[in-house]
2 protein chains.
Amino acid sequence: MGTRGLNRERLVEIAHDFVSANGLDALTMRRLAVAAHVTPGALYKHVHGKRDLQRAMADAVYATVDLSDIDLSTPTVDQVITCCARMREAMLRFRDGARIVAGSYSPFAATANIAGTLRALLQAVTAPQFDAGDIAYALRNYTTGFVIEEQAYLALKSTGEWEHLVEALEPDARDLPGGMSDAVVILTDDRDKRYLAGLIAILTGTVNTRLTEPG
Amino acid sequence: MGTRGLNRERLVEIAHDFVSANGLDALTMRRLAVAAHVTPGALYKHVHGKRDLQRAMADAVYATVDLSDIDLSTPTVDQVITCCARMREAMLRFRDGARIVAGSYSPFAATANIAGTLRALLQAVTAPQFDAGDIAYALRNYTTGFVIEEQAYLALKSTGEWEHLVEALEPDARDLPGGMSDAVVILTDDRDKRYLAGLIAILTGTVNTRLTEPG
DNA sequence: ACCTGAACACCGTTCAAGT
DNA sequence: ACCTGAACACCGTTCAAGT
């Protein structure tokens, strides 16, 4: 258990640390090798290649989702919301977390666990005219889509590129029926609130219980 | 107007043709140069770099969305659904279209136009307790998330990798509360129907009119 | 104005050879 | 079993020079 000798788990951890410091686009096998204090070739003893590495990174993101307080024997809409919010939090915890997760098809434990939990909860609370699997899938896709946009904004913001893009978009926004100003407002504004609003929009009407009343 | 002399528009077209044949991951500036019958350096007279190219490609995807039959003076939920479905169709028309579009923040005309149209339609049909901007944003994020997953599946399927991943995931799916089998079923099954189901889930309860009845 | 040629500082992956 | 060293066939981007 000494710090000598690399393994898959540790390599994924180093990769996430690197991305956290430099962004996903900067992650290369060679730079990862430097960060891991090995030669590039050594990486391929722990990981099949760059695609396999990214899949393992995706599972590591979902592995941070704590589902221990979710009680499957008493499913509620609030637990569904909690579950989705934790997915989003997990992705936000890692720089470019959503892009890492999106479309990587990690077939590992953590990914399967969260997908299964969400569906099991929904099976109990979805209204009869809807399919729990459809709703679970919609919630996951909404969440991923939302956080991709969110982290793209965060990335542009940190480099100052965001301000340039907003300026470049203003002229069009005038003679078009609304332009992209909604996205600008949503991202600039309280993103937690906006995410929750979308979540509630999906669940309202698809669920057999009354949602938490305002106030 | 002869075929001599490259321009930005033509370059984006060539890039999409290349991606259509080889996939987004295979697109490099050097290979694009070959496809365009120029030297790599020449590309930088038409495009600021690879990121700018991808933004232009994203706008080209949205430019294929035909909104001419959408009548903003008589907004309906059906028109909202049509609008979203056309977004999805546009992304599906291009290989890796969703990944190209996702988080690229194309501030160009076509992107702004579709976002604005969707919001304008929703302004008229959303129930009072919801914000039209939130719903429009949720619909766009759901759609992007869905198609990313869809095209990732299509890519894995075409290389035969999909079958391997499903096999690798089966053992876990047994002792977990549902595993990822929902995603497997949804993607294997009629994807158009699944997409529509999610769309309707979002709109049910958030909209001030009755949705089309079954049958 | 647009393009070439050449250069610069990099990539992912493989594999014989070492320990 | 894990790692090095070296090689192979590539990258994105810049820029003086040509036309």
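Reader: Leaving aside neighbours within four places in sequence, which residues is B:Asn141 in contact with?

Author: Apart from its neighbours within four places in sequence, B:Asn141 is in contact with A:Asn141, A:Tyr142, A:Gly145, A:Phe146 and A:Glu149. Contact means heavy atoms within 4.5 Å. This is a predicted model, in which local features need pLDDT of at least 70, side-chain atom pairs count only at pLDDT 80 or more, and totals for chains, interfaces and linings use all residues. Residues are numbered from 1 along each chain as its sequence is written, chains are lettered from A and ligands numbered from 1 in the order in which they are written, and side-chain values use heavy atoms, with hydrogens and water left out.

Reader: Where is B:Asn141 found, and is B:Asn141 buried or exposed?

Author: Helix α7 (residues 132-159) of chain B holds B:Asn141; helices (H or I, at least four residues) and strands (E, at least two) are DSSP runs, numbered from the N terminus. B:Asn141 counts as buried, at 3% relative accessibility. Buried means under 20% relative accessible area, exposed over 50%, and partly exposed in between (1.4 Å probe, protein chains only).

Reader: A change of topic: how many aromatic pairs are there over all chains?

Author: The count comes to ten aromatic pairs over all chains. Rings of Phe, Tyr and Trp (its six-membered ring) pair if their centres lie within 6.5 Å; planes under 30 degrees apart count as stacked, over 60 as edge-to-face and the rest as tilted. One of the pairs is that of A:Tyr137 and B:Phe146, which is edge-to-face, with 5.7 Å centre to centre and 75° between the planes.

Reader: Why does the pair of A:Tyr137 and B:Phe146 join two chains?

Author: A:Tyr137 lies in helix α7 (residues 132-159) of chain A and B:Phe146 in helix α7 of chain B, so the pair joins two chains. Both A:Tyr137 and B:Phe146 are buried.

Reader: And what do B:Tyr142 and B:Tyr195 form?

Author: B:Tyr142 and B:Tyr195 form a stacked aromatic pair, 5.5 Å centre to centre with 5° between the planes. Because B:Tyr142 lies in helix α7 of chain B and B:Tyr195 in helix α10 (residues 191-203) of chain B, the pair ties together parts that are 53 residues apart in sequence. A:Tyr137, B:Tyr142, B:Phe146 and B:Tyr195 form one aromatic cluster.

Reader: How many disulfides does a search of the whole structure find?

Author: The search finds zero disulfides over all chains, a disulfide being a pair of cysteine sulfur atoms within 2.5 Å. For A:Cys84, the nearest cysteine sulfur is that of A:Cys83, 5.9 Å away. A:Cys84 is buried, with a relative accessible area of 0%.
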